[in-house]
Amino acid sequence: MQGIRWCKVLIPTNRSLIFLPRNPSLPQYSSQPQPGQNHNHNHNHKHHLVSPSGVQKLIAAQSDPLLAKEIFEYASRQPNFRHSYSSFLILILKLGRSRYFSLIDHLLLRLKAERYPVTHTLFSYLIKIYGEANLPQKAFQTFHTMLEFDCKPLPKHLNRILEILVSHRSHLRLAFELFRSSHEYGVLPNTESYNILMSAFCFNGDLCIAYDLFNKMFKRDLIPNDESYRILMQGLCRKGQVNTAVEFLEDMVNKGYTPDTLSYTTLLNSLCRKKQLREAYKLLCRMKVKGCNPDIVHYNTVIMGFCREGRAIDACKVLEDMATNGCLPSVVSYRTLVSGLCNQGSLDEAKRYLEEMVSKGFSPHFSVIHALVRSFCNVGRVEDACAVLGHVLNHGEVPHVDTWTAIVPRICEDNATIGIIDDILKGVYTVKVKQEMILEPRTCLENSL
């Protein structure tokens with residue numbers, strides 16, 4: 001009897017390597033003895049038998065997708081062998097992750113030709129694979145491939161394909177056409193479908209189309225959600241129509257919706273940039289009444305808006321309101337406020353908030369220290385500048401070299417403050433900082449003296 005030729009296929013399993021024969025004539029998998037074969041012959045060649053579940057496990061065990069494909073093809077050549085649907089699914093997923101898309105197309109043709117009943121899971125995998133591979137056209141084709149397999153797409157498939165298409169500006173029209181024609185195939189867009197298109201059109205500057213989609217939801221007996229309103233408000237703000245966005249917010253609240261924090265952040269930021277600071281502050285105060293507690297981002301947005309317009313004193317009121325509403329100021333709150341007060345010339349207030357900031361363990365940026373010290377020096381208040389310097393040094397903060405350059409010449413010009421130099425230097429040397437930072441004030445002093 002002619003011997004069977006074997007080749008080693010590196011298939012890692014828990015116990016051993018598996019050897020597959022080069023000769024494709026493998027007996028059909030069956031639990032019954034084959035005609036013309038005795039029991040001993042079956043016993044000697046029982047390791048030749050290939051089962052669909054066994055092949056499935058072999059394919060799943062491979063890290064190399066091409067080797068998994070070879071195993072799949074080898075098993076396919078065996079007489080009367082039929083792969084399990086799971087083997088197709090596992091192999092398609094492996095090939096997709098490695099981006100062998102032409103091999104996937106071939107497997108899909110086999111699934112259709114051999115009339116396998118397919119599931120929605122297969123197409124969910126395919127859409128995900130094409131999206132990650134940045135192939136919007138292939139994702140779009142998957143919708144029609146599902147129809148060819150008599151597998152009606154679900155709204156979640158439609159939405160995922162729409163997300164992939166609208167992420168490419170050149171495919172926005174194609175996404176819109178798919179959205180409008182989907183009902184012809186029995187797929188009804190849901191609220192998320194509308195939100196995806198609305199967001200894309202708002203970002204594209206087509207606010208009228210987005211607003212029309214919003215109104216059509218009501219005609220289709222769909223209920224807009226919080227995200228629907230937020231998308232339109234962001235679109236209106238992007239177009240500079242802040243007042244309309246605020247009215248939209250009021251309409252949203254009147255209909256029983258509770259705007260989320262991102263909606264308020266968008267409106268507050270837009271109002272501040274449009275210099276409508278009074279309206280921004282009023283909206284901030286009404287947030288809690290409307291069911292949304294303002295957080296640190298909302299407060300900092302308004303504080304920054306006031307300081308940007310030279311109204312740092314009003315920003316102080318906002319910071320004081322924070323504690324009342326259970327929100328503690330952050331390092332950004334203090335830095336913004338101190339810088340704004342310095343720019344406005346309210347130096348005593350700036351000094352007070354800087355000391356409060358440092359006492360709470362916040363580290364002022366060197367630019368904040370420099371702004372306050374320089375402002376005091378510019379108005380001849382050298383002692384106050386030195387007091388600020390001493391305070392931050394006592395808390396382990398070392399000013400920038402430009403700050404020393406600004407204050408040291410002023411100290412040397414004023415006999416009344418010349419004695420402060422020793423105290424400041426002692427403060428510098430008690431701070432554990434890099435050697436080059438310690439040398440900077442000494443150099444400034446030597447040059448001035």
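**Exercise 1. Find where confidence is lowest and where it is highest in the protein.**

Solution. Strand 1 (residues 6-9) has the lowest confidence, at a mean of 42, and helix 8 (residues 155-166) the highest, at 97. These values are pLDDT, the predictor's confidence in each residue, from 0 to 100. Helices (H or I, at least four residues) and strands (E, at least two) are DSSP runs, numbered from the N terminus. Next, take residues 1-48: their pLDDT is below 50, and beyond near neighbours in sequence this stretch has 63 contacts in the model. A contact means heavy atoms within 4.5 Å. Residues 429-442 also stay under 50, with 13 contacts beyond four places in sequence. For the protein, the mean pLDDT is 83, and 81% of residues reach 70 or more.

This is a predicted model, in which local features need pLDDT of at least 70 and side-chain atom pairs count only at pLDDT 80 or more, while totals for chains, interfaces and linings use all residues. Residues are numbered from 1 along each chain as its sequence is written, and side-chain values use heavy atoms, with hydrogens and water left out.

**Exercise 2. State how helix 4 is oriented relative to helix 6.**

Solution. Start with the axes, which are lines fitted to C-alpha atoms, for helices over the stretch in contact, with angles from 0 to 180 degrees between N-to-C directions. The axes of helix 4 and helix 6 (residues 120-132) come within 10 Å and cross at roughly 5 degrees. Helix 4 is therefore roughly parallel to helix 6. Angles under 35 degrees count as roughly parallel, over 145 as roughly antiparallel, 65 to 115 as roughly perpendicular and the rest as oblique. Then list the residues that meet: Tyr85, Leu89, Ile92, Leu93 and Gly96 from helix 4, and Thr121, Leu122, Tyr125, Leu126 and Ile129 from helix 6.

Ser86 also belongs to helix 4 (residues 85-97). At 32% relative accessibility, Ser86 is partly exposed. Buried means under 20% relative accessible area, exposed over 50%, and partly exposed in between (1.4 Å probe, protein chains only). The C-alpha atoms of Ser86 and Gln56 are 7.0 Å apart, although 30 residues separate the two in sequence.

**Exercise 3. Determine how many disulfides the structure has, and describe the surroundings of Cys272.**

Solution. A disulfide is a pair of cysteine sulfur atoms within 2.5 Å. A search of the whole structure finds zero. Cys377 is in no disulfide, and its nearest cysteine sulfur, that of Cys386, is 7.2 Å away. Cys377 is buried, at 1% relative accessibility.

Cys272 sits in helix 14 (residues 261-273) and is buried, with a relative accessible area of 2%. Leaving out residues up to four places away in sequence, Cys272 touches Leu277, Ala280, Thr301, Val302, Gly305 and Arg308. Of these, Gly305 is 33 residues from Cys272 in sequence and 5.0 Å away, C-alpha to C-alpha.

**Exercise 4. Decide whether the loop residues His171 and Lys290 are buried or exposed.**

Solution. His171 lies in the loop between helix 8 and helix 9 (172-181). With a relative accessible area of 17%, His171 is buried. Beyond four places in sequence, His171 touches Pro136, Gln137 and Leu165.

Lys290 is in the loop between helix 15 (277-286) and helix 16 (296-308). Lys290 is buried, with a relative accessible area of 17%. Outside four places in sequence, the residues that Lys290 touches are Glu250, Val253, Thr258 and Tyr264.
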